[in-house]
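Take a look at the model below. We will walk through it piece by piece.

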Amino acid sequence: VVGLGFSARHMINTIEDTWERGRAEVQKQKESFERLVSALYPPFASERLLAGDPQIVVEVPKAAIFFSDICNFTALSNNLSALDMLSWIGYNFRVIDQCAAHYGIHKIKTIGDAYLAIAGLPQRLDDEDRGTDPG
């Protein structure tokens with residue numbers, strides 16, 4: 001009887017440990033997802049997405065798309081080492097990121113030597129803008 005009690009307690013402890021590790025992994029993945037959504041979308045959109053809003057429609061009276069592409073990138077990349085190229089392009093994108101942050105421009109994505117961003121989106125939306133009634 002003592003052996004069975006020990007065995008059952010060991011099984012319960014093992015199950016509880018596995019459960020807690022699983023919960024910790026889910027929490028880690030959730031936080032990673034929230035960081036990704038926050039990085040990909042402007043604050044007003046990421047907050048609503050993370051709150052469970054399935055559809056976000058916002059009328060923006062004036063917005064502009066910014067796209068840059070480095071001229072002669074292929075030729076330039078052939079003359080630099082991989083490390084020098086990454087350092088150079090990283091520096092350039094950091095400068096663009098700083099300018100974008102200063103002017104409220106939201107970076108959408110960088111792909112190779114291309115930079116895509118949007119300007120004119122609101123940082124925050126009032127409840128009136130969302131089409132919801134706060135009270």
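The paragraphs below cover confidence, then the sheet, then the helices.

This is a predicted model. How high is the mean pLDDT of the protein chain? The value is 83, and 86% of the residues reach 70 or more. Among the elements, helix H4 (residues 82–103) has the highest mean pLDDT, at 93. Helix H5 (residues 127–130) has the lowest, at 44. Over residues 127–135 the pLDDT is below 50. Beyond near neighbours in sequence, this stretch makes five contacts in the model.

Now turn to the sheet. Strands of a sheet pair through backbone hydrogen bonds, either parallel or antiparallel. Which pairing do we find here? The pairing is antiparallel, and three strands form an open sheet in the order S1-S3-S2. Strand S1 (64–69) and strand S2 (106–111) are the edge strands. Each of these two pairs on one side only. On average, neighbouring strands of this sheet are turned by 15 degrees against each other, direction ignored.

Look at S1 and strand S3 (residues 114–119). Six bridges join these antiparallel strands. Find Ile65: it stands opposite Ile118 in S3.

Which helix packs on the sheet? Helix H4 does, and it touches S1, S2 and S3. The direction of H4 makes about 0 degrees with that of S3.

Finish with helix H2 (residues 43–50). Which of its residues are buried? They are Phe44, Ala45, Ser46 and Arg48. Just after H2 comes Gly52, with a positive phi of about 100 degrees.

Notes
Residues numbered from 1 in each chain as written. Predicted model: local features only at pLDDT ≥ 70, side-chain atom pairs only at ≥ 80, totals over all residues. Heavy atoms only, no water. pLDDT = per-residue confidence, 0-100. Helix = DSSP H or I, 4+ residues; strand = E, 2+ residues; numbered from the N terminus. Contact = heavy atoms within 4.5 Å. Pairing = 2+ DSSP bridges. Axes fitted to C-alpha atoms, helices over the stretch in contact; angles between N-to-C directions. Buried < 20%, exposed > 50% of the residue type's maximum accessible area, 1.4 Å probe, protein only.
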